[in-house]
Amino acid sequence: MGRYEELKQKIQMKTAQVGIIGLGYVGLPLAIETLKSGYPVTGIDLDARKIENLKAGISHVQDITNETLQECMTQGRFLPTTDYSILADLDAVSICVPTPLSPNQDPDTSYIIHVVDQIKTYMRQGLLITLESTTYPGTTEELIQQEFEKLGYEAGVDFFLCYSPERVDPGNRSFSTHNTPKIIGGTTPKCIELGTMLYGNLVKTVVPVSSPKVAEMSKLLENTFRSVNIAFMNEMAMMCDKMGINVWEVIKAASTKPFGFMPFYPGPGIGGHCIPLDPMYLSWKAKGFRFHSQFIEIAQSINDNMPDYVLNKTGQVLNIYAKAINSSRILILGMAYKPDIDDLRESPGLEVYELFAKNGAKVDYFDPYAQSFRDKEGRVVQSIENDPEAFKKYDCMVLITNHRCFDYQALADLGVAIIDTRNAFDGITNPNIYKLGNPVAIRQEKEVVSMLA
Ligand code: SAJ
C-alpha cells in the first residue's frame, strides 16, 4: 500500500495520529476539535509552562474552558508536549504558529521556519503538513515545499502539503473553529484530497481551492478588506467632523440599505493580531512583483493616525472647559483591542496612552479585562479600580474600548467630559459626551460655567 493510500485509510478510520504545532488561540481550539472528531492528538508548543498547565487541565485560551480541557485530558487521547521528536510518530500536522511583523514592518516568518526545521529533522515520509498561520501568497511553496524538495521529498508523493487559513475570532460567541467554513488549498490533487478529507472530519464546512496560494491570498483579502473599510470609515469620521455631520447617524442610516452596503465603524485605530498586520504581509509580497498597493498603504496611514486624531479631539474638548491636555487628569476607559476580551496586542489605546503621557497629561486607564501592560519605557501600568467616585476626579475620560460591562449611563451621569471614540454612549444625551467624528459642540459660556460649578 502506498503512502497516499495508507494515509487515506488512517484518516478514514480515524486512526491517523494528528499533531497541532503551536497551541495558542488557533492551535488549542483546533486540537480540541480534532480530539472531538475522534483522532488522537499531540499538541506541540515551545512554551513548557503552557504545556504543564495543559497537562494540569488549565487552559490559557479564552475560548477553551478548563472543563473542556480536563475532559480531553481524562480521555487520555491528548498529549501536550514540547518534544518535537514525536513528529516521527505522526501522520498529519497542522502548523499554527505566529506570523508577526519585524520592527521594520516586514513579515517575520521565523516561527514557521523553526517548525519546518523540526519537521525536516523528525518527519516520517507520508506526513500531511497543513500550514494555518496567516501569511503572504507563496509561503507554503517557498518555505515548506521547496525545503522538502531539497531533501529529495516530492510533494504529493513522499509527503502531502496544504495551506488552510485560520479563521479564529477570539471571543466570538456565534462562530467557532467547528462551524466556520475552512478554506484549504493543496500542492497537488492528492494533497487537496487528503487535506479536505481530514479537515472535513474536524469542521462543518471545508472549501477546497486549487492551490495554497489561492488559500493564502483569500485570508489576506478577508483582512485587508476590513482594514481598508475601517480606514475609509475613519476618514469619513474626520470628514463629517469638519462638515459638522454626525457620522454615526450617517452610518446607521446607510446601513438600512438591504443590499450593496456593509457597515464598518470609525474608532481610535485598529488593534489585534490580524488586521494591522495581515495587509502588511500582502503589500510586502506585492512589492516583490513591483506592485504597490495604494489601498493598503493609505489604509495603514489613516488607521495609524487615529490615536493622534483622538489626542486632537481630546484637546478640543478640554479647551471647552478652559483646560489643556498638559497637566489634565485623563482616564482611558477600555484598553483591550476590541470589546469583551483581554487582548492588548496592537491596541490603539496603548498609543493613545503614550500620546497623552507625552503631552503632559496625568493619564490612567480602567479595563476590567486587561489588568496591566508595559508602557514604551517598560514600566508596568496597572488598571485602576472600578470606582466611580475616583472617576469624578478626572478632567476627562476617553472611551477607547466599548466593553459591554460598562454602565454607560452611570458613566455619563458622573458629569465628567467624555470623548466617546466608539459611539458607546449612543442614545445617551448628557451634554458632557463628545463623539469621535461628531462636531465638538462649543457650548455657551454660561452652560460650561454651570457644568464646572
Ligand atoms: N475595528 C474598527 N471598526 C470596525 C471594525 C473593527 O475600528 O468597523 C477595529 C477593532 O476595534 C479592532 C480592529 O479593528 O481594534 C480589528 O477588529 P476586528 O473586528 O477585525 O477583530 P480581529 O482583529 O479579532 O479580527 C478577527 C479576524 N479573524 C481572523 O483573522 C481569523 C477577522 O478576519 C474577523 O473578521 C474579525 O476577527 C471579526 O469578524 O471579528
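Asn423 sits in the loop that runs between β14 (417-420) and β15 (433-435); helices (H or I, at least four residues) and strands (E, at least two) are DSSP runs, numbered from the N terminus. The model is a predicted one, where local features need pLDDT of at least 70, side-chain atom pairs count only at pLDDT 80 or more, and totals for chains, interfaces and linings use all residues. Residues are numbered from 1 along each chain as its sequence is written, and side-chain values use heavy atoms, with hydrogens and water left out.

Although Asn423 isn't a glycine, its phi is positive, at about 60 degrees. Asn423 counts as buried, with 13% relative accessibility (buried is under 20% relative accessible area, exposed over 50%, partly exposed in between, with a 1.4 Å probe and protein chains only). Lys14, also not a glycine, has a positive phi of about 60 degrees. Its loop lies between α1 (3-13) and β1 (18-21), and Lys14 is partly exposed, at 31% relative accessible area.

A UniProt annotation from an unreviewed entry, "domain: UDP-glucose/GDP-mannose dehydrogenase C-terminal", covers residues 331-427; UniProt positions follow the numbering used here, feature names are shortened, and annotations may be inferred rather than shown by experiment.

On a 1 Å grid over the protein atoms alone, a cavity is a set of points where a 1.4 Å probe fits but can't get out, while a pocket is an open set with protein on both sides within 12 Å along at least five of seven lines; lining residues have an atom within 4 Å of a point. Grid points are joined across faces, edges and corners, and a volume is the space filled by probe spheres set on the points.

Searching the whole structure turns up one cavity of 30 Å³ or more. The largest cavity holds about 90 Å³, and its lining includes Val26, Leu30, Glu132 and Lys182. That lining has four nonpolar, three polar and five charged residues (Ala, Val, Leu, Ile, Met, Phe, Trp, Tyr, Cys and Pro count as nonpolar, Asp, Glu, Lys and Arg as charged, and the others, Gly among them, as polar).

The second largest pocket holds about 950 Å³. It's lined by 42 residues, and Gly24, Tyr25, Lys50, Pro98 and Arg345 are the closest to its centre. Helix α5 (residues 110-122) gives the most to this lining, with three residues.
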